[in-house]
Amino acid sequence: MATAAAAAGFRTVEPLEYYRRFLKENCRPDGRDLGEFRTTTVNIGSITTADGSALVKLGNTTVICGIKAEFAAPPIDSSNKGYIVPNVDLPPLCSSRFRPGPPGEEAQAASQFIADVIENSQMVQKEDLCIVEEKIAWVLYCDIICLDYDGNLLDACMCALLAALKNVLLPAVTVNEETGLAEVNFKEKTPLTIKKQPVATSFVLLDTVIIVDPTAEEEDLATGNLTIVTDEEGKLCSVYKPGGSVITGTKLQDCISRATVRHKEVKKLMDKVIKSVQPT
């Protein structure tokens, strides 16, 4: 008891030094190896009022994504395309670090990151969201809400978004030539076509050591962070590094290799979950 109390006190007063003692042994306070992810679980179709949804837990970090499809006129400069609009919400409920009010800097950065990955990876062809060229198209509002925050938000958000998109069913739509109004057939629904499956893998730099899937505490102590997004072909969709310490080319290559392995792990989990909910 006395030893545990002393360790807890040392962790509070000197958190970085506390971590350094574990890193010297190539492990972390929670028992994980430096390249080991926390337990990941995925549950799809959890919001019955949404057109697609998914709940993802990455350790204690919990994120839910609900997708709602609505009609809109196609963009003027792209009359044969629809829209995908992601929004990340970090309410005070998920962590004491977030405050009520308009979206903070971290939420805005996460939303922009998701939007960039959607665009760069071409995970959904926006042409597939066009119903009638120049007249009507689908808008997919992707609301991603963090229920419990313990680090590595971007990985959890991307995983939840991909799983929710795989869960989307869009009703058949025709346009009445006489009235010009859209007629929706909810009895005939088709899944969304997912062209690419981007998966994010995040790292932080603690001194000269790179660790994967950081907790909130590890993020606070880090001198730099990096998120790599790859698709199922092993191609890079995004490399996101918002400032911090420089990462050498060798370490970057190691991170890309780990990201490729992580993609296979997530895809295997996702395929298993989707297969389990499909009607036999």
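I began with aspartate 30, which counts as partly exposed at 43% relative accessibility (buried is under 20% relative accessible area, exposed over 50%, partly exposed in between, with a 1.4 Å probe and protein chains only). I noted that this is a predicted model, where local features need pLDDT of at least 70 and side-chain atom pairs count only at pLDDT 80 or more, while totals for chains, interfaces and linings use all residues. Residues are numbered from 1 along each chain as its sequence is written, and side-chain values use heavy atoms, with hydrogens and water left out.

Next I looked up the partner of aspartate 30: its side chain meets that of arginine 32 in a salt bridge (2.8 Å, N to O); the term takes a side-chain nitrogen of Lys or Arg within 4 Å of a carboxyl oxygen of Asp or Glu. Arginine 32 is buried at 5% relative accessibility.

I then turned to arginine 38 and aspartate 150, whose salt bridge has its closest N and O atoms 3.5 Å apart. This pair joins distant parts of the chain, 112 residues apart. Arginine 38 is buried at 9%, and aspartate 150 is buried at 19%.

Last, I checked how many salt bridges the structure holds, and the count is 15.

Terms used. Helices (H or I, at least four residues) and strands (E, at least two) are DSSP runs, numbered from the N terminus.
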